[in-house]
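This report goes through helix packing and a handful of residues in one model. The sequence and structure come first, and the notes follow.

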Amino acid sequence: MDIQNAQLAVDHWIKEHGVRYFNELTNMAQLTEEVGEVARIIARRYGEQSEKESDKNKDLGEELADVVFVVLCLANQTGVDLQAAFDKKLDLKTNRDHDRHHNNEKLK
């Protein structure tokens, strides 16, 4: 599914199951919470912190999907065409960073 269709799917879900979008500030707080859950898994599973028993069954993919869902909500409710924005950003990064990364001694 491309980003445009994901935005449509989220909008449909909100209208069918969610009653309405939370306001933008609530969704921003929710996004922060979801990113925190991703950070907790990464820090404990891949970083130096030990993983608590209660965290061992947490699904990183599910938590990342929560982040994507809220980002899509924010895009929908603020009128952002995230597919167009993503395509533009990828082009910009490709043109700006291609040689920079290939010439970065730290990445070799």
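## Arginine 44 and the basis of the model

Arginine 44 is found in helix α2, where helices (H or I, at least four residues) and strands (E, at least two) are DSSP runs numbered from the N terminus. This is a predicted model, in which local features need pLDDT of at least 70 and side-chain atom pairs count only at pLDDT 80 or more, while totals for chains, interfaces and linings use all residues. Residues are numbered from 1 along each chain as its sequence is written, and side-chain values use heavy atoms, with hydrogens and water left out.

With a relative accessible area of 17%, arginine 44 is buried; buried means under 20% relative accessible area, exposed over 50%, and partly exposed in between (1.4 Å probe, protein chains only). Leaving aside neighbours within four places in sequence, arginine 44 is in contact with Gln49, Ser50, Glu51, Lys52 and Asp55, contact meaning heavy atoms within 4.5 Å.

## Helix α2

Helix α2 covers residues 24–45, and its 22 residues should span 32 Å at 1.5 Å a residue. The expected span is 1.5 Å times one less than the number of residues. The end C-alpha atoms of α2 are 31 Å apart, which agrees.

Which residues of α2 are buried? They are Asn27, Leu31, Glu34, Val38, Ile41 and Arg44. An α-helix has 3.6 residues a turn, so residues three or four places apart point the same way. The buried residues of α2 pack against α3 (60–78).

Leaving aside neighbours within four places in sequence, arginine 40 is in contact with Lys52 and Asp55. Lysine 58 is 18 residues from arginine 40 along the chain, and their C-alpha atoms are separated by 9.9 Å.

Glutamate 24, in the same helix α2, counts as partly exposed at 39% relative accessibility. Its contacts, leaving aside neighbours within four places in sequence, are Leu74, Gln77 and Thr78. Glutamate 24 and aspartate 99 are 75 residues apart in sequence, with 38 Å between their C-alpha atoms.

## Packing of α2 with α3

The axes of α2 and α3 come within 9 Å and cross at roughly 160°. Axes are lines fitted to C-alpha atoms, for helices over the stretch in contact, and angles run from 0 to 180 degrees between N-to-C directions. The angle makes α2 roughly antiparallel to α3; angles under 35 degrees count as roughly parallel, over 145 as roughly antiparallel, 65 to 115 as roughly perpendicular and the rest as oblique.

The crossing of α2 and α3 is left-handed. A crossing is left-handed if the near helix is turned anticlockwise from the far one by less than a right angle, and right-handed if clockwise. Among the residues that make the contact are Glu24, Leu31, Glu34, Val38 and Ile41 of α2 and Leu64, Val67, Val71, Leu74 and Gln77 of α3. By class, the contact of α2 with α3 divides into 13 nonpolar, four polar and six charged residues. Ala, Val, Leu, Ile, Met, Phe, Trp, Tyr, Cys and Pro count as nonpolar, Asp, Glu, Lys and Arg as charged, and the others, Gly among them, as polar.

Helices α1 and α3 pack at an angle of about 85°, with their axes 9 Å apart. That makes α1 roughly perpendicular to α3. Ile3, Ala6, Gln7, Val10, Asp11, Trp13 and Ile14 in α1 meet Phe69, Leu72, Cys73, Ala75 and Asn76 in α3. The contact of α1 with α3 has nine nonpolar, two polar and one charged residues.

Helix α1 (residues 3–18) packs with helix α4 (residues 82–102) at an angle of about 150°, and their axes are 7 Å apart. The two are therefore roughly antiparallel to each other, and α1 passes α4 in a right-handed crossing. Ile3, Gln4 and Gln7 in α1 meet Leu82, Gln83 and Phe86 in α4. This contact has three nonpolar, three polar and no charged residues.

## Loop residues

Valine 19 lies in the loop between α1 and α2. It has a positive phi of about 70° although it is not a glycine, and at 76% relative accessibility it counts as exposed.

Glycine 79 lies in the loop between α3 and α4 and is exposed, with a relative accessible area of 66%. Glycine 79 and tyrosine 21 are 58 residues apart in sequence and 13 Å apart in space, C-alpha to C-alpha.
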